[in-house]
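Here is a short briefing for a first look at this protein. Keep the sequence and the 3D view open while reading.

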Amino acid sequence: MFSLTKLPRPFLDRGEGIYFYDETGKRYIDGSSGAMVSNIGHSNPRVLAKMKAQMDRSTFGYRLHFRTHASEDLATKIAEMMPEGLDRVFFVSGGSEAVESCIKLARQYALAKGEDSRWKVISRFPSYHGSTLGTLALTGYDPLARPFDPMLRDMPKIAAPRTYLDRDNLTEEERGLKYAELLRDKILEEGPETVAAFIMEPVGGASTGALVAPDSYFKRIREICDEFGILLIFDEVMTGAGRTGKFVASEHYGVIPDIVSMSKGLAAGYAPLGAMVAKGEIVEAVEAHGGFLHGYTYSGNPLACAAGLAVLEEMQEQGIIENAAKMGDLLKARLTALMERYHFIGDVRGKGLLLAFEFVSDRDTMRPLPKEWNAYLELVELAYERGLIIYSRRTRGGSEGDHFLVCPPLIITAKQIDELMAILTEALDAFAANHALPVLETEGAA
Ligand code: PLP
């Protein structure tokens, strides 16, 4: 169900910048950064040299036996790059572990404050927060979560603002407020004294296809959490480390969460790494109450942290986050222009280089294409054969629909966007031809 392509997967030979080469020498543009991971591109020699230098010194040092410069320097760097107040960092090896850490910290903070009745973490539908049982309980995506129902303590969910599907007379601003109010209603329904935290992806990931909420949503969500003393957790596993054109996506909205999870772009695929970043007062309260009851053998692994530090230094030195914002605007405009050529593209959305487009049968109703077409697989395969990798899902989370994520490494240039668009247009033309869908000749669509 979750394969990206039914084509045989070739053996990978090497990666270089935004490109992959398989063993036959065929070149692919990495148009999805793997699973939205490879933010600084592949095989960056400066990052490899810094990792080698760390390997020559030590590859492992257990965090309860030693401090390491790699982990402390990376924590300092992250704190510098984060919004004000988010300056306590706990390292893990991936996104699910980072989210798991956030919810355990939220619970232990409630205990530290003597609020033992607070344990629920409200999340959204659709959403994706990870594959462990704890993070699956938060995940608003039934095909992944429901088989494990008997083993989960499913958490309360509210609808995420899929405003592009709403047919009403509200302004975007009003819609944002309407959806934020769902959080207040849910807190009151559950009992505020039972809720420890609310978790959301500031820009949706693969479960929604880069869903962007109206700006008004964020401020109101923050106010509601403050009203009831509930922690606000932003899951920035996909959006963090520059993907949306800021270091973390919360910066777009001027709202500071209490705890943040990060992973994918943090070490950008050079090593398995994730982080939980929290406000000092939360960590201090938990420390004063016996300490954080949580951890992994590989937490703070020096090699992974050296990779993360090298990646962030590269981002700063090469202006990669600024490039993500600039190239994101360009690529989004180019994808939006495709809507003139292909009327079966119903929506283009996203921020920075976290971009998606969605297929529809008809834009007025936003009805999806027939399920049996398996469009989400077909277009990925047509692009793959032509040397472009993109990411797709047959879901809008709650309902059916084919969406495609176009999320190249943040180092992409304007010329490389031309290359990507040329292949994507060829693949879309082939898709249209296979289904006798009209293609409208437009100037500069590709
Ligand atoms: N949270 C979000 C928002 C994600 O996008 C993902 C992965 O896609 C995760 C958590 C889980 O991360 P991982 O697959 O590294 O465990």
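**Briefing**

Among contacts between residues at least 6 apart in sequence, 74% join residues at least 24 apart. The model is a predicted one. It holds 14 helices and 15 strands.

**Overall build**

- The protein has 446 residues and a radius of gyration of 22 Å, which agrees with the value near 22 Å for a compact globule of that length.
- The C-alpha trace spans about 65 × 55 × 40 Å along its principal axes.
- Buried residues account for 53% of the 446 residues.

**Two domains**

- Domain 1 is built from two stretches, 12–43 and 319–434. Domain 2 covers 45–318.
- The centres of the two domains, taken over C-alpha atoms, are 26 Å apart.
- Where they meet, 33 residues of domain 1 are in contact with 36 residues of domain 2.
- Several elements each supply at least two residues to the side of domain 1 that touches domain 2. The helices are helix 1 (33–36) and helix 12 (320–341). The strands are strand 11 (345–351), strand 12 (354–359), strand 14 (391–394) and strand 15 (402–406).
- Helix 12 gives the largest share of that side, 5 residues.
- By class, this side of domain 1 has 15 nonpolar, 12 polar and 6 charged residues.

- Four strands form an open sheet with mixed pairing, in the order 1-2-3-13.
- Strand 1 (12–16) and strand 13 (388–389) are the edge strands, and each pairs on one side only.
- Strand 1 and strand 2 (residues 19–22) run antiparallel, joined by 4 bridges. Here L12 stands opposite D22 of strand 2.
- Strand 2 and strand 3 (residues 27–30) are also antiparallel, with 3 bridges between them. Y21 has R27 of strand 3 as its bridge partner.
- The hairpin of strand 2 and strand 3 has 4 residues between the strands. In this hairpin, G25 takes a positive phi near 95 degrees.
- Strand 3 and strand 13 pair in the parallel sense over 2 bridges. The bridge partner of I29 in strand 13 is L388.

**An enclosed helix**

- Helix 13 (residues 375–385) is largely enclosed by the rest of the structure, because 8 of its 11 residues are buried.
- The buried residues of helix 13 are A375, Y376, E378, L379, V380, L382, A383 and Y384.
- Their cover includes strand 12, strand 13, strand 14, strand 15 and helix 14 (414–434). Strand 13 is also an edge strand of the sheet described above.
- Just after helix 13, G387 takes a positive phi of about 90 degrees.

**Around the ligand**

- Which residues come nearest to the ligand? Of the 16 residues around it, they are G94, G95, S96, V237 and M238.
- Helix 4 (residues 95–112) contributes 3 residues, the largest share of the shell around the ligand.
- By class, the shell has 6 nonpolar, 8 polar and 2 charged residues.

How values were computed
Residues are numbered from 1 along each chain as its sequence is written. This is a predicted model: local features need pLDDT of at least 70, side-chain atom pairs count only at pLDDT 80 or more; totals for chains, interfaces and linings use all residues. Domain bounds come from an automatic or database domain assignment. Two residues are in contact if their C-beta atoms, placed from the backbone, lie within 7 Å. Ala, Val, Leu, Ile, Met, Phe, Trp, Tyr, Cys and Pro count as nonpolar, Asp, Glu, Lys and Arg as charged, and the others, Gly among them, as polar. Two strands pair if DSSP finds at least two bridges between them. A residue is near a molecule or strand if its C-beta atom, placed from the backbone, lies within 6 Å of it. The radius of gyration is taken over C-alpha atoms; the globule rule is 2.2 Å times the number of residues to the power 0.38. A residue is buried if 20 or more other C-beta atoms lie within 10 Å of its own, exposed if 12 or fewer, and partly exposed in between; C-beta atoms are placed from the backbone.
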